[in-house]
Amino acid sequence: MEFAFTPEQEQFRLEVRAFCREHVGPEVRTRLERQREEHDPELYKKIADRGWIGMQWPTEYGGQGRSRVDMAIFYEEMGYARAPTGRYTGSVVFVGESIISYGTSWQKQEFLPRIARGELTCCWGLTEPGSGSDAAALQTRAVDEGDYYSVTGQKVFTSGAHLADLGMFAVRTDPNAPKYHGISLMLIDMHSPGVMLQPLYTLGGWRVNATFLDHVRVSKDRLMGQLNEGWRHVITTLGFERSALAPVGGLLRTADDLSTYMAERAAAGQPVAQALRDRFAELVTDIHAARWMAYRVAWAQDKALPDLARSSMAKVLTAELQLRLANLAVDVLGLDGLEQSPEAPLHGLGEQLYRAALFHHIGGGTMEVQLNAIALQGLGLPRGA
């Protein structure tokens, strides 16, 4: 990999940055925090109008034929602007990229252009009450009824299910098969009879869902990939998430805000302690290392060289940085940093970071799962007893 962007990529970065300055103002974040959402339909439509939803897909499916490095640039700039990208991730990274990778020709033609136009938003249903980190232990059942499947079960922590039109769900199609077999992926209309949602609110303040499926009828043309061998597709889908740089963009923005605050304190004759400045310098160094690691994951995907272990390294590093930055922000801001108020330092950002940071250690695969992937697949270590 060359550690440089092409002139076209640099121009694209400037284009996205200008878009964010125009369309992602403080009022967007205020509105979403009040609604406890991570999706703004008006902003999403504007992104679709620019052709940036599914930008990396072929033009015949509504994309622009861009690279995943381009998509990572988009994510970094949107993250820096603190733009809501939850449904972008669900629709493009999880479901859309999965359709591109192992969907049928009909599924690509039927769903991808509508996703790209912003007409369909999507969610990803994997986790269940009894199968979190051990996702392959899922029990949601799809029974073959001849012309269709009847799906019954429960998913939990389904991000954006209440906003989605289409869900990609991991289900068990052969209960007698070994654990990592007998699993299949299906595209389910979220407006189907038998789909019921119950809101759950995270410590960070945004909504996820418990999703109940009660004999939901799913036509057989909605089967994704190979019947009963969906676990390998699940692994592929999870790898897509790691090339998104929204967390790194957010880290860089918070680091810049904190740097400005510390400089203002120093100018006012109230500098922060040297130990805190040292921690901050080390943290910023690590953020930039994480940035390049995430770009390398995107570059490898462009070269058809997916590396799940390195993807997990990027996830572990950014998740740990989220927690370290939240702790440092609160230490720098002092007790006022725990206040949830526009009058608080940095408009209450410290308090919000502190509440949300732990999510990144759990969401998208726990730290323990990621470390196991690094040990087994990246380092070739034997599985523990």
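Analyst: Helices (H or I, at least four residues) and strands (E, at least two) are DSSP runs, numbered from the N terminus. Angles run from 0 to 180 degrees between N-to-C directions, and axes are lines fitted to C-alpha atoms, for helices over the stretch in contact. This is a predicted model, where local features need pLDDT of at least 70, side-chain atom pairs count only at pLDDT 80 or more, and totals for chains, interfaces and linings use all residues. Residues are numbered from 1 along each chain as its sequence is written, and side-chain values use heavy atoms, with hydrogens and water left out.

Let's look closely at helix 10 and its partners. Helix 10 packs with helix 11 at an angle of about 150 degrees, their axes being 8 Å apart. The crossing of this pair is left-handed (the near helix is turned anticlockwise from the far one by less than a right angle; clockwise would be right-handed). On the helix 10 side, the contact (heavy atoms within 4.5 Å) is made by Ala326, Asn327, Ala329, Val330 and Leu333, while helix 11 brings Gly350, Leu353 and Tyr354.

Leucine 346 isn't a glycine, yet its phi is positive, about 55 degrees. With 24% relative accessibility, leucine 346 counts as partly exposed (buried is under 20% relative accessible area, exposed over 50%, partly exposed in between, using a 1.4 Å probe and protein chains only).

Helix 10 has another partner. Helix 9 (residues 274–302) and helix 10 (residues 308–333) have axes that come within 9 Å and cross at roughly 155 degrees. The two helices are therefore roughly antiparallel (that's over 145 degrees; under 35 is roughly parallel, 65 to 115 roughly perpendicular and the rest oblique). Helix 9 and helix 10 also make a left-handed crossing. In the contact of helix 9 with helix 10 you can find 16 nonpolar, three polar and seven charged residues.

Now zoom in on one residue. Alanine 319 belongs to helix 10. Alanine 319 is buried, with a relative accessible area of 1%. Leaving out residues up to four places away in sequence, alanine 319 touches His360, His361 and Met367. Phenylalanine 359 is 40 residues away from alanine 319 in sequence, yet their C-alpha atoms are 8.5 Å apart in space.

Met367 leads us on to helix 13 (residues 367–378), whose buried residues are Met367, Gln370, Ala373, Ile374 and Ala375. Among the elements covering those buried residues are helix 10 and helix 12 (359–362). Just after helix 13 comes glycine 380, with a positive phi of about 70 degrees.

How about the rest of the model? Helix 4 (residues 68–80) and helix 5 (residues 86–102) pack at about 165 degrees with axes 13 Å apart. That makes the two roughly antiparallel, and helix 4 passes helix 5 in a left-handed crossing. Their contact uses Arg68, Met71, Phe74 and Tyr75 from helix 4, and Tyr88, Thr89, Val92, Val93 and Glu97 from helix 5. By class, you get six nonpolar, one polar and two charged residues there.

Histidine 39 sits in the loop between helix 2 (26–35) and helix 3 (41–49), and is buried at 12% relative accessible area. Not counting residues up to four places away in sequence, histidine 39 touches Leu32, Tyr44, Pro84, Arg87, Thr121 and Leu163. Histidine 215, by contrast, is exposed, with a relative accessible area of 56%. You'll find histidine 215 in strand 7 (residues 207–219), with a positive phi near 50 degrees even though histidine 215 is not a glycine.

Conventions. Nonpolar A, V, L, I, M, F, W, Y, C, P; charged D, E, K, R; others polar.
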